[in-house]
Amino acid sequence: MTYQIAVLRGDGIGPEITDEATKVLDAVQSVQPGLKMALTPYDAGAEHYTRTGEALPAATFEAVKAADAILLGAMGLPEVRMPDGTEVQGRIIIRLRKGLGLYAGVRPIKLYPGVTPTVGSSGPVDFVIVRESTEGLFASFDGGMEIHDEVVGDTMLISRAGTERVSRFAFRTAQERAAKRSDGKALVTCVDKANIFRSLAFFRKVFTEVAEREYPTIERNYALIDALSLAIIQNPSAYDVLVMENMFGDILSDLAAALNGGLGMAPSGDIGDRHGLFQPSHGSAPTIAGKGVANPLATILSAKMMLEWLGSRHGDELATQGAELIERAVCEVTASGLVTPDLGGKARTEEIGDAVADAVRRLSRSGHAGSAS
Ligand code: ATP
């Protein structure tokens, strides 16, 4: 089978970082001949909106819907605005999340060898934030209520079905991670504000019901978002998988990126039961676009997540091995000290992509036994 991968390169640094990720995917294909991917670019974004009046053309939406997976660079330019004054990227991503049922925002936070965290110590950091991505405080996106330019409101909506499916996703993620760890440890933390908000007390209740009914052997605990924001910086190794409401996940995942060296090292997946979209957690960083200094590793690691997801979804060992190869290659490159300016180095965007692709080829030749830590 050939996986159809829809590639949305986007705006700002989007095209340059996406090109490095596709370079690495091509290297993986070249060393895993049974693994076939057709990477096809499609139009979308602020620049496309300026030229055509459409941010996400219907043809692109249909193509991404038909694809096996979606790889996205970054979208949006501050000077390009919709008639209501907002930038285009929020609308595009929310259209994709809602239209494709991408309810789990997955943000792995891992400190790679040789990378200095922006905050915290250099101790082990390896946890995953699972953000509910279709409801919560974003439920009324593009709606909400406004009274005569005096009072404006957005609504926090938590549904039983939405909480059940994202809770299950978090427990499954913990199981998959445990299967790869020598100690087999799995812990899911429910992050909320259940002591104050009825909606979030309900989130905790439904999470607990799912846990007791379906995952009784997996350890779980609970944290309030405000206390957790400090605890996760002070003691990141205490966490494994954290599941939370949409807005909390949005904020916490950017904060947590400080533990792994910043946004340039923060990949993500937007995953549903049928579709998966993979993109760096950062935006299009227009101020550094075209200068060759953007860190492509968040996008390369998002491509790795894509292979991991394809591997697990299709029971495809080659895709899973491809993901492991990328992981090990990235570890090698960061450990060697070859990093872009955001991590204190001098390497250029293209050099990082070349180095990761070379490491993929080299590791493949040497058998790349064992998994990356
Ligand atoms: P958005 O709202 O679309 O998420 P933003 O304007 O909040 O975007 P980003 O585009 O994510 O912000 O950029 C935030 C900061 O991080 C900028 O200073 C940018 O230069 C830096 N940055 C983001 N991504 C990278 C990257 N891949 N490499 C280097 N620096 C980056």
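Analyst: On a 1 Å grid over the protein atoms alone, a pocket is an open set of points with protein on both sides within 12 Å along at least five of seven lines. A volume is the space filled by probe spheres set on the points, with points joined across faces, edges and corners. This is a predicted model, where local features need pLDDT of at least 70 and side-chain atom pairs count only at pLDDT 80 or more, while totals for chains, interfaces and linings use all residues. Residues are numbered from 1 along each chain as its sequence is written, and side-chain values use heavy atoms, with hydrogens and water left out.

User: What volume does the second largest pocket get, then? And which residues sit closest to its centre?

Analyst: About 580 Å³ for the second largest pocket. It is lined by 26 residues, and Gln89, Gly90, Ile93, Arg97 and Gln279 are the closest to its centre. To count as lining, a residue needs an atom within 4 Å of a point.

User: Which element gives the most to that lining?

Analyst: H4, with seven residues of the lining of the second largest pocket. Strand S3 (69–74), helix H8 (246–256), S11 and strand S12 (276–280) each supply at least two. The labels are DSSP runs numbered from the N terminus: helices are H or I with at least four residues, strands are E with at least two.

User: And what makes up the largest pocket?

Analyst: About 1500 Å³ of space, with 48 lining residues, of which Val128, Arg177, Lys180, Lys304 and Glu308 are the closest to the centre. H9 has the largest share, eight residues. By class the lining splits into 24 nonpolar, nine polar and 15 charged. Gly counts as polar here, and Asp, Glu, Lys and Arg as charged.

User: How do you know which domains line the largest pocket?

Analyst: Its lining draws at least three residues from each of domain 1 (1–103 + 269–373) and domain 2 (117–260). Those bounds come from an automatic or database domain assignment. The lining of the second largest pocket also draws at least three residues from each of these two domains.

User: Why is one space here called a cavity?

Analyst: A cavity is a set of points where a 1.4 Å probe fits but cannot get out. One cavity of 30 Å³ or more is counted, and the largest cavity holds about 50 Å³, so it passes that cut-off. Its lining is Ile94, Arg97, Lys98, Ser133, Thr134, Phe138, Phe141 and Asn246. Helix H4 (residues 88–100) gives three of them, the most from any element. That makes three nonpolar, three polar and two charged residues.
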